[in-house]
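Look at the structure first, then read on.

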Amino acid sequence: RGHARRTLGRLADFDLVIFVSPAAVRATAALLDGAWPGTTAIGAVGTATGAAVSENLKPPAGTFVVAPASEIAAGSEAFWAEWEQCGRVARRVLVLRAQHGREWLAERFGAAGAVVEDLAVYTRTDCSVDPAARSEVQRAMVSPLPVITVFSSSEAVEALDRQMADIVGAREWLRQGVAIATHERIRDRLLAAGYTRA
């Protein structure tokens, strides 16, 4: 928390600060002292994150860029396209996130010449599998119906494996089913992890 507060205390040093999720917005709002500097642009990845920024931070006029909802592009790609379209330039960029994530976006800004810092403002942890959920998985494993799993983040691939680790045969069973990825990078992670129907 001390490091996060110190970094947030120098927001005026950055041309652009990017929030990657509503959780990042809420965590930052709890750590932030004082008003948002009018010279620092705010980026929001996704409309839900944008709504959280408006509600929690009340950004100064003209500082706010949000990735629009789109059937073609979503997340980091949509934000990057919006940023390029607006014609702004950012030399110092801060990405507010959990411990990991949105590396692609940081790489794009870095390739464009920006100095990029990542700051973890909240911690993402795995959910524990309670006895009822464990029993449900075990029943599903003996069902003739195929399992279909939807993955909305790359980190979820390994997280689900960790959750299923002590259920004998569960990880192999998941890989025999169908995995639906909400983005091609997630699909690539699934294929690398041994899913063949992603």
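## Helix crossing

In this predicted model, H2 passes H3 in a right-handed crossing (the near helix is turned clockwise from the far one by less than a right angle). Helices here are DSSP runs of H or I with at least four residues, and strands are E runs of at least two, numbered from the N terminus.

H2 covers residues 22-31 and H3 covers residues 47-57. They pack at an angle of about 15 degrees, and their axes lie 8 Å apart. That makes H2 roughly parallel to H3 (angles under 35 degrees).

## The contact

From H2 come Pro-22, Val-25, Arg-26 and Ala-29. They meet Ala-48, Thr-49, Ala-52, Val-53, Asn-56 and Leu-57 in H3. Contact means heavy atoms within 4.5 Å.

## The core

The largest nonpolar core has 23 residues (buried nonpolar residues joined through side-chain atoms within 4.5 Å). Val-17, Phe-19, Trp-36, Leu-96 and Val-121 have the most contacts inside it. H2 gives the most to this core, with 4 residues.

Buried means under 20% relative accessible area, with a 1.4 Å probe and protein chains only. In H2, Ala-24, Val-25, Ala-27, Thr-28 and Leu-31 are buried. The buried residues of H2 pack against H1, E1, H3 and E4.

## Basis

Residues are numbered from 1 along each chain as its sequence is written, and side-chain values use heavy atoms, without hydrogens and water. Local features need pLDDT of at least 70 and side-chain atom pairs count only at pLDDT 80 or more, while totals for chains, interfaces and linings use all residues.

Notes: Axes fitted to C-alpha atoms, helices over the stretch in contact; angles between N-to-C directions. Parallel < 35°, antiparallel > 145°, perpendicular 65-115°, else oblique. Buried < 20%, exposed > 50% of the residue type's maximum accessible area, 1.4 Å probe, protein only.
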